[in-house]
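Subject: Structure for you, with notes

Hello,

Please find the structure below.

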Amino acid sequence: MSFATPSSARRAALGVLMLSSLLAGSAFAQSEAGETAARSGAGCPAGTTEVRPGSCRAPQVTPPSIVDYRPRSTLVTPSHLVPRAKYPVIDFHGHPDDRLRSADALAAMVRSLDSINVRLMLAADDMSGEELKSAVAVVNRSPYKDRVRVLAGINFRGVGPGWAEKAIGQLEADVAAGAVGVGELSKGFGLSIRKPDGSRLHIDDPALDPIWDACARLHLPVFIHTADPEEFFRPLDYANERWLEQALFPQRHYDPAKYPSFEQLLTERDNLFRRHPKTTFVTAHMGWEANDLARLGKLLDELPNVYTEIGAVLYDIGRQPRGAHDFFVKYQDRLLFGKDSFQPSEYPYYWRVLETRDEYFDYYRGYHAFWKLYGIDLPDSVLQKVYFRNALKITPRLPQTGWPR
């Protein structure tokens, strides 16, 4: 059998294929000056980035640090700033701190609340006893008694024989003094609080059951902060999405040799929720599961006594606008508004994400998120539930009149 002589074009093509094979087989391939091959299974070497498939290059000028790199977007797109919420808001996760210690400080805070259309703040400062009575008295002596309500704290120190009776007695006294719920139970509950024998107090410890039963009897929602973002429990390497935050605040990184894992804490939390179906629980910060809405949805599907609030996770809501929109619509009866840190200038970012279709705008704290946000454009009926209706539903001691119908 005879073969035709290859044309010049075919000879050239074969030559290119042979050269490509030789280059691909070399240990240190260079497609052009300054480019190196990516390492199999390991990506580009440190200090380089992929510029084409399998080929890496280092910057030809000194690169900025992650702190100094602040690119300005060239995107031109409609912008709709929202300085005031469309409907009056209940901030279920408020931290007024010292603003409940004097009439003047309270008045200044209410002026700020008026400017952003927050009608009612729940003080989730874990107060109890005389501290709680003092805060309630400042509010009740002011013209703003329907603008602030207080959540009661629980002292988990000394859990053991006799603890439950004492804790329930204090809770009942705090309710008589004006508390409308319980919380914010801090992340130390589960992470670091110890029993008298030195062992970690687990969130689902059976010794705590009487206090949760008392909350159900008294119709008090329990607002609980469990764990922290999952990245805080992972190795602090350059693949960690929250590297900068932990570098700025090293105490936010949890050494696995000293602390339980993220999964352990959420397992204990969910065990608590399951064991007390008559108690209403609100898991703070969307349970630190806003980056995995399917997982959070499974929890809400399984446990109708569980609600969640959106404080301090706007960076996760706003980076998945379609998924977040669908989640908020599906679970509209289980979501509460909360902000956490009281910074009036930051609330309008929440209004913009929840109320508009805006695209690719900044988050208010760069160290939380280096990405941009998008509006999820919620229907008015859903906004009303998130902003105030759901909080009124689960907290019967809140002022129930004067809200939009």
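A salt bridge here is a side-chain nitrogen of Lys or Arg within 4 Å of a carboxyl oxygen of Asp or Glu. By that rule, a search of the whole structure gives 29 salt bridges.

Before the details, two remarks on the source. This is a predicted model, in which local features need pLDDT of at least 70 and side-chain atom pairs count only at pLDDT 80 or more, while totals for chains, interfaces and linings use all residues. Residues are numbered from 1 along each chain as its sequence is written, and side-chain values use heavy atoms, with hydrogens and water left out.

Salt bridges

E35 pairs with R52, with 2.7 Å between the closest N and O atoms. Because E35 is in strand β1 (residues 35-37) and R52 in strand β2 (residues 49-52), this bridge ties together parts that are 17 residues apart in sequence. Strands (E, at least two residues) and helices (H or I, at least four) are DSSP runs, numbered from the N terminus. E35 is buried at 2% relative accessibility, whereas R52 is partly exposed at 38%. Buried means under 20% relative accessible area, exposed over 50%, and partly exposed in between (1.4 Å probe, protein chains only).

R252 bridges to E245, the closest N and O atoms being 2.6 Å apart. Here R252 is partly exposed at 23% and E245 is buried at 2%. D358 and R352 form another salt bridge, at 2.7 Å from N to O, and both residues are buried. There is also a network of salt bridges that links E263, R269, D270, E289 and R295.

Rings

The charged end of R252 also sits over the ring of F249, 4.0 Å from its centre. The criterion is NZ of Lys or CZ of Arg within 6 Å of the ring centre and within 35 degrees of the ring normal. R334 is placed likewise over the ring of Y307, at 5.6 Å from the centre.

One cluster joined by ring pairs includes Y315, F337, W351 and Y387.

Helix pair

The axes of α9 (residues 293-302) and α11 (residues 321-330), as lines fitted to C-alpha atoms over the stretch in contact, come within 11 Å and cross at roughly 5° on a scale from 0 to 180 degrees between N-to-C directions. The two helices are therefore roughly parallel (under 35 degrees). Contact means heavy atoms within 4.5 Å; on the α9 side it involves L293, L296, G297, L300 and D301, and on the α11 side G323, A324, F327 and K330.

Regards

Terms used: Rings of Phe, Tyr and Trp (its six-membered ring) pair if their centres lie within 6.5 Å; planes under 30 degrees apart count as stacked, over 60 as edge-to-face and the rest as tilted. Angles under 35 degrees count as roughly parallel, over 145 as roughly antiparallel, 65 to 115 as roughly perpendicular and the rest as oblique.
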